[in-house]
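This briefing goes through one protein model, topic by topic. Please look at the sequence and the structure before reading on.

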Amino acid sequence: MLGIEGCLAEVMAIPGALDAILIDQTSGTAVASGGVTRELDVDRSAAGLGETLRAMLDGLAVISPGGTVQIRDVIITTDDGHHLLKPLETVFDGPLVIYVRLDMHRANLALARHRLQSLSGRLTTM
């Protein structure tokens, strides 16, 4: 089992990882962050990313036959890199989401997704 700091250390060890934020999905609060550059406002980013995931869940639930949907991960590609959001099974004070920004030229997107999947089952908040 991994703690929060160990989880962030492993996320930042993913080749090409630039920033990582562990987000409380319900509140949009940053629980922890790693590799954050000075230009990044962690609290504002966490709130926006949490809201983005909630909006995606709401929109997908509307078009889903059962009215609910579970997102396994989200990949967003921008001109400055790949952005991955991975909802975690572990509950802290609410459901958690790991966000990682990857360098577009150095990162292997498939490897990053695989590593986040592996981490999601090993994180504990104890």
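Predicted model: local features only at pLDDT ≥ 70, side-chain atom pairs only at ≥ 80, totals over all residues.

Which helices and strands each supply at least two residues of the lining of the largest pocket? They are helix H2 (42-63), strand E4, strand E5 and helix H3.

**The largest pocket**

- The volume of the largest pocket is about 280 Å³.
- It is lined by 15 residues, and Gln 70, Ile 71, Pro 87, Leu 88 and Glu 89 are the closest to its centre.
- Strand E4 gives the largest share of this lining, with 4 residues.

- Strand E1 covers residues 17-24 and strand E2 covers residues 29-34; the two pair in the antiparallel sense over 5 bridges.
- One of the residues in these bridges is Ile 21, whose partner in E2 is Ser 33.
- There are 4 residues between the two strands of this hairpin, and in the turn Gly 28 has a positive phi of about 75 degrees.

**Helix H1**

- Ile 4, Cys 7, Leu 8 and Val 11 are buried in helix H1, which runs over residues 4-12.
- These four lie on the same side of H1, because they cover an arc of only 95 degrees around the axis.
- The buried residues of H1 pack against E1, E2, strand E5 (95-102) and helix H3 (109-120).

**Nonpolar cores**

- In soluble globular proteins, nonpolar side chains tend to be buried together.
- The largest nonpolar core in this model has 21 residues, and those with the most contacts inside it are Val 11, Ile 14, Leu 22, Ile 98, Val 100, Leu 102 and Leu 116.
- Two or more residues of this core come from each of H1, E1, strand E4 (81-91), E5 and H3.
- Val 11 is in contact with Ala 17, Ala 20, Ile 98, Val 100, Leu 116 and Leu 119, leaving aside its neighbours within four places in sequence.
- Another core, of 12 residues, lies apart from the largest one and includes Ile 23, Ala 30, Val 42 and Ala 46.

**Val 74**

- Val 74 belongs to strand E3, which spans residues 74-78.
- Is Val 74 buried or exposed? Its relative accessible area is 7%, so Val 74 counts as buried, the cut-off being under 20%.
- Not counting residues up to four places away in sequence, Val 74 touches Leu 53, Met 56, His 83, Leu 84 and Leu 85.
- Leu 53 and Val 74 are 21 residues apart along the chain, and their C-alpha atoms are separated by 8.5 Å.

Conventions
Residues numbered from 1 in each chain as written. Heavy atoms only, no water. Pairing = 2+ DSSP bridges. Buried < 20%, exposed > 50% of the residue type's maximum accessible area, 1.4 Å probe, protein only. Arc of directions from axis to C-beta. Contact = heavy atoms within 4.5 Å. Core = buried A, V, L, I, M, F, W, Y, C linked by side-chain atoms within 4.5 Å. 1 Å grid on protein atoms, 1.4 Å probe; cavity = no way out; pocket = protein on both sides within 12 Å on 5 of 7 lines; lining within 4 Å. Points joined across faces, edges and corners; volume = space filled by probe spheres on them.
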